[in-house]
Amino acid sequence: MLNTILHGTPTDRPPLLIAHGLYGSARNWGVIAKRLSDERQVIAVDMRNHGSSPWSDSHSYPDMAEDLAEVIAAHGGQMDVIGHSMGGKASMMLALLHPQAVRRLLVADIAPVSYTHSQIQFIEAMRQVDLEQVTRRSDAHAQLAKLGVEPALQSFFTQSLDIQGKRWLLNLDALANHMPDIMSFPQVEASWDGLALFLSGANSDYVLPEHRPQIRAKFPNARFAKISDAGHWLHAENPRAFEQTARAFFNA
């Protein structure tokens with residue numbers, strides 16, 4: 001089963017599951033998860049091929065949905081769900097394939113569509129880091145900087161670096177092999193009529209007006225909202241607004 005980080009204890013409210021995006025981890029969501037755990041238990045997962053979760057040659061959205069369904073089944077059978085980017089697509093697939101497992105769904109800055117901007121360049125950059133020369137995180141930052149990776153992403157990527165073990169906590173080979181799958185969204189006939197909030201960053205172009213027909217075809221009760229002063233990493237760029245919006249949506 002996926003590695004999980006639990007925040008808080010079970011309450012009379014449904015637990016909240018958080019599924020991170022590509023190259024992320026459960027730890028990335030620690031601040032928001034901890035704050036939201038004042039009202040309910042929050043369970044952040046490392047997605048497959050990330051963090052401390054098992055590695056697999058497969059990295060498809062149906063498989064990721066099954067991973068999430070297994071975690072939900074182990075914690076009572078139904079949860080509210082937040083999914084960001086890749087985790088958002090996995091969460092949408094979860095709702096489509098396991099409709100009873102999801103009470104409410106918050107999809108953070110992604111749509112159920114195919115994207116053309118591959119993230120393969122970051123795998124290439126991480127592969128070029130000479131881990132033998134890394135004794136502290138700043139060493140990896142410096143190498144990534146020389147490879148043209150911007151400072152915010154240097155910090156983000158190196159959260160998935162095992163410095164003592166001289167290895168990435170990311171299955172770079174599997175992620176590279178499945179980049180076309182990660183960028184796309186599978187064709188499924190199902191739709192999910194639960195409450196879904198598609199929350200995007202005001203400065204992001206990942207969820208566009210022309211995506212709404214495809215979103216509503218799968219999620220007829222979709223709502224849409226934007227967070228100001230935030231791009232694709234809306235939960236990191238404006239965490240207080242993200243937290244407040246999530247809290248209001250799940251508690252309404």
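Reader: What percentage of the 252 residues of the protein count as buried?
Author: Happy to start there. Buried means under 20% relative accessible area, exposed over 50%, and partly exposed in between, with a 1.4 Å probe and protein chains only. This is a predicted model, where local features need pLDDT of at least 70 and side-chain atom pairs count only at pLDDT 80 or more, while totals for chains, interfaces and linings use all residues. Residues are numbered from 1 along each chain as its sequence is written, and side-chain values use heavy atoms, with hydrogens and water left out. Of the 252 residues, the share that counts as buried is 54%.

Reader: What is the radius of gyration of the protein, and why does it count as compact?
Author: The protein has 11 helices and 9 strands, which are DSSP runs numbered from the N terminus (H or I with at least four residues for helices, E with at least two for strands). The radius is taken over C-alpha atoms, and the globule rule is 2.2 Å times the number of residues to the power 0.38. That rule gives 18 Å for 252 residues, and the protein is close to it, so it is as compact as a globular protein of that length, with a radius of gyration of 17 Å.

Reader: Which residues have the most contacts inside the largest nonpolar core?
Author: A nonpolar core is a set of buried Ala, Val, Leu, Ile, Met, Phe, Trp, Tyr and Cys residues joined through side-chain atoms within 4.5 Å. In soluble globular proteins, nonpolar side chains tend to be buried together. Here the largest such core has 65 residues, and those with the most contacts inside it are Leu17, Tyr23, Leu68, Leu94, Leu105, Phe157 and Phe219.

Reader: How many residues are in the other core, apart from that one?
Author: Its members include Ala44, Ala108, Ala230 and Ala246. This other core lies apart from the largest one and has 21 residues.

Reader: Is Tyr23 buried or exposed?
Author: Tyr23 is found in the loop between strand E2 (16-19) and helix H1 (30-36). Its phi is positive, about 70°, although Tyr23 is not a glycine. Most residues other than glycine have a negative phi. With a relative accessible area of 2%, Tyr23 is buried.

Reader: And is Asp229, in its loop, buried or exposed?
Author: Asp229 sits between strand E9 (222-227) and helix H10 (234-237), and its phi is near 55°, again a positive value in a residue other than glycine. At 61% relative accessibility, Asp229 counts as exposed.

Reader: Which residues is Gln119 in contact with, leaving aside neighbours within four places in sequence?
Author: Gln119 is found in the loop between strand E5 (102-108) and helix H4 (120-128), and at 16% relative accessibility it counts as buried. Contact means heavy atoms within 4.5 Å. On that basis, Gln119 is in contact with Leu22, Tyr23, Met179, Met183 and Tyr206.

Reader: What does Val71 touch, not counting residues up to four places away in sequence?
Author: Val71 lies in helix H2 (residues 61-74) and counts as buried, at 0% relative accessibility. Its contacts are Met1, Leu2, Thr4, Leu17, Ile43, Val45 and Met79.

Reader: How far apart in space are Leu96 and Pro209, C-alpha to C-alpha?
Author: Leu96 is in helix H3 (residues 86-97) and is buried, with a relative accessible area of 5%. It touches residues including Phe185, Trp192 and Phe219. Leu96 and Pro209 are 113 residues apart in sequence, and their separation in space is 22 Å.
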